[in-house]
Each structure stands twice: as C-alpha cells, then as structure tokens.
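This briefing goes through one protein structure, topic by topic. Keep the sequence and the 3D view at hand while reading.

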Amino acid sequence: MATCDVCGEYENLPYQCRRCGKTFCGEHRLPENHDCPGLSEWDDPGGVFDSGFDDGIADGSRGSTADAGGITERVKGRVARETSTGGLVSYFRGNATYVLLAAMWLTFVAQWTVTLTLGNPAHDAIFVLRSDALGNVWTWVTSVFSHSRAGLFHIIANSIVLFFFGPLVERAVGSKKFLGFFLVAGVLAGLGHVLFVLATGGLVGVLGASGATFAILGVLTVWRPNLEILLFFVIPMKLKYLTWGTAIISAVLVVSTGAAGVGGIAHLAHLIGFAIGLAFGVRNEDLARRTGGPGGMTIGARGPRGPRGPGGPGGPGGPGGRF
C-alpha cells in the first residue's frame, strides 16, 4: 500500500517502475505516463552502451580530447542515474529509519576513533553540544547521532526505540518528512536543554538521540495511545502509560531540583522532544488517517493479538539517557 508519486492517490496494489524505481497507481504506471527519466536512455545520450572502441579506431587516438569528453559524459550520466530514484539511492527510499540507525552507529565508531587518536578534547569539539561552545554549529547535528562512550546502553536503548517505532511514523508521513522531523526534534531538544542550563549560569554538554526518539514516541502517543508494547520485552503495557509516565517523572525531577538534568540524564531534552512529537502528531493526524495510520493500522485502535500476547512492536522503557 502506497501513494502514487504523480497524483498522490492511495493505491492498495501499487506499481513500481523498473526504470526509475518510483511508485505509481494504475493510471500512471506506464513510463510514458509518468515522464519516466529512464526513457531518455533508449537513445543512449550518455554513451552507456558505447565502449569507445569504435571512436578509437576512427581517430586513432584513445586518449584524444574527444574521448576524454566522452568519458566525462559517461561519468556524468552514471552519477545522474545512481543519484536518481532508480539508482543506488533508491535502496534508501522509504528506509530513512535504517539510514538514521546506521548513521548513529557509524558516528559511535567515529567517536571512539577520534578519542583514541586525537583525545577527548577533539572528541568533545566534534561530537558534544556544549553550553560554552554554541558557536560550534556542527555539534548541533553531530550531537544528535553521538552517544555516551561509558557503555552501550545509551545507544542501544535509542536504537531499539528508533528501530521499532520509527518505521510506524515514517510510513505514515513519508521518508523526507520523517527525516526532517527527526533532525529538527533532536537539534531543538539539545539546544533547549543547553540554553536552559546556560541561562541558569551552568555549564553542560549533551549528546544522544534521546530527544529525537522521545519525539517519535510523542507522535505515536497522539496517533495510537492504546498501542500495546512490551516494556523491556517482557511487561505488556499501553504506550500512553509509558510515555506520559516517563514525561511526568522527568517534569517532577526538573521542577523539584531546578536542574535540566539529573543523574546524567537530560530530562529537559526528553520533555522538549516529547512536546515536539505531540505537536507534530496533532498537526499531521489527518495525514496519518489518510494513509491508514502508522503501519497501515487504524489510529487509536488496539494492536492485533498474537499467540504469545499483545501485538504491536515491543520496545524498551523509552529512550536512554543523554550524557
């Protein structure tokens, strides 16, 4: 089930073009009906099927300027094809969740590589969003994908939340919108936490995708509050009890201590991410309904039960902490 890339019509049995990789309804499934870029390859304008052997015989020079121009055109043609929806990039279409997961783990490896080769100061300058170094604007983004090196729990917890719940939101709103939502929520959650600490005269450094993953949970709290999950893969409970319960605990800690973070966990960042997710969920609820809800399931309905208990994705008790 998907929407047509031309008219936006919801199609139960969509067609995928073999040339460009896009999805279409029955009316636009033919290449000529959706202006398929693959049609231009039939006359081989980029020399895709030309080895250059004949040109070498004709002018006696394989290294001539003309041949160099042909190579350039072939390279440009190959780059254009691979970056189009029908090329290598098409494998990531509809899979933004897994691209984000890969980015998180690759960043984690990069963190350790930088730490071991250049030391902690270099690591913090590249990966940690610090209240005393807000001018390092790259850390606004890198900190979202970075995680604590003190153990694997932080990145594993965020990875589990993203893996199980990310696809539900992505399928409802589309990969591009989901990717933008994840990045904006992560950046704003981190900046909000750091600015609060800075305003209260403190210094702090944050990193981790917890704000963004908590935003995902916030969206699903609006769309499917009664979605049954398995807390720690064991305890069945409704999603709304997990998310609102965690949010209330974080709010109580922030208010009672006057600190944005307690015990090495950036509770304020979690709250900001959750609030962004709630707002995004409310704003896009109609879109989710038109596409059948997250995962193609009716919004607000109870997940199907399987032989081993409540259905729906299982997940941990919310995203992990942020250092």
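Which residues make a nonpolar surface patch of about 430 Å²? The patch is made by Ile126, Val137, Trp138, Trp140 and Val141. The model is predicted, and the points below are grouped by topic.

**Surface patch**

- Ile126, one of the patch residues, is found in helix α4, which covers residues 120–127.
- The relative accessible area of Ile126 is 32%, so this residue is partly exposed.

**Salt bridge**

- A search of the whole structure finds 1 salt bridge.
- This salt bridge links Asp132 with Arg130, and the closest N and O atoms are 3.1 Å apart.
- Asp132 counts as partly exposed because its relative accessibility is 47%.
- Arg130 also counts as partly exposed, with a relative accessibility of 27%.

**Cysteines**

- The structure has 0 disulfides.
- Cys4 is in no disulfide, and the nearest cysteine sulfur, that of Cys7, is 3.7 Å away; a disulfide would need the two sulfur atoms within 2.5 Å.
- Cys4 has a relative accessibility of 4% and therefore counts as buried.
- Cys17 counts as buried as well, at 9% relative accessibility.

**Strands β7 and β8**

- Strand β7 (residues 228–231) pairs with strand β8 (residues 235–238) in the antiparallel sense, over 4 bridges.
- Ile229 has Met237 in β8 as its bridge partner.
- The two strands form a hairpin with 3 residues between them.
- Phe232 lies in the turn of this hairpin and has a positive phi of about 55°.
- In a regular strand, side chains alternate between the two faces of the sheet.

**Helix α7**

- Leu183 is found in helix α7, which covers residues 175–199.
- With a relative accessible area of 28%, Leu183 is partly exposed.
- Leu183 and Val144 are 39 residues apart in sequence, while their C-alpha atoms are 7.6 Å apart in space.

**Helix α10**

- Helix α10 (residues 267–283) has 17 residues.
- From its first C-alpha to its last, α10 reaches 24 Å, close to the 24 Å expected at 1.5 Å a residue.
- The buried residues of α10 include His267, His270, Phe274, Leu278 and Gly281.
- Also buried in α10 are Leu268, Ala269, Gly273, Gly277 and Phe280.
- An α-helix has 3.6 residues a turn, so residues three or four places apart point the same way.

Conventions: Residues are numbered from 1 along each chain as its sequence is written. This is a predicted model: local features need pLDDT of at least 70, side-chain atom pairs count only at pLDDT 80 or more; totals for chains, interfaces and linings use all residues. Side-chain values use heavy atoms; hydrogens and water are left out. Buried means under 20% relative accessible area, exposed over 50%, partly exposed in between (1.4 Å probe, protein chains only). Two strands pair if DSSP finds at least two bridges between them. Patches are made of residues with over 30% relative accessible area and no salt bridge: like charges are joined within 9 Å, nonpolar side chains (Val, Leu, Ile, Met, Phe, Trp, Tyr) within 5 Å. Accessible areas come from the Shrake-Rupley method with a 1.4 Å probe; for residues, only the protein chains shown count as cover. A salt bridge is a side-chain nitrogen of Lys or Arg within 4 Å of a carboxyl oxygen of Asp or Glu. The expected span of a helix is 1.5 Å times one less than its number of residues.
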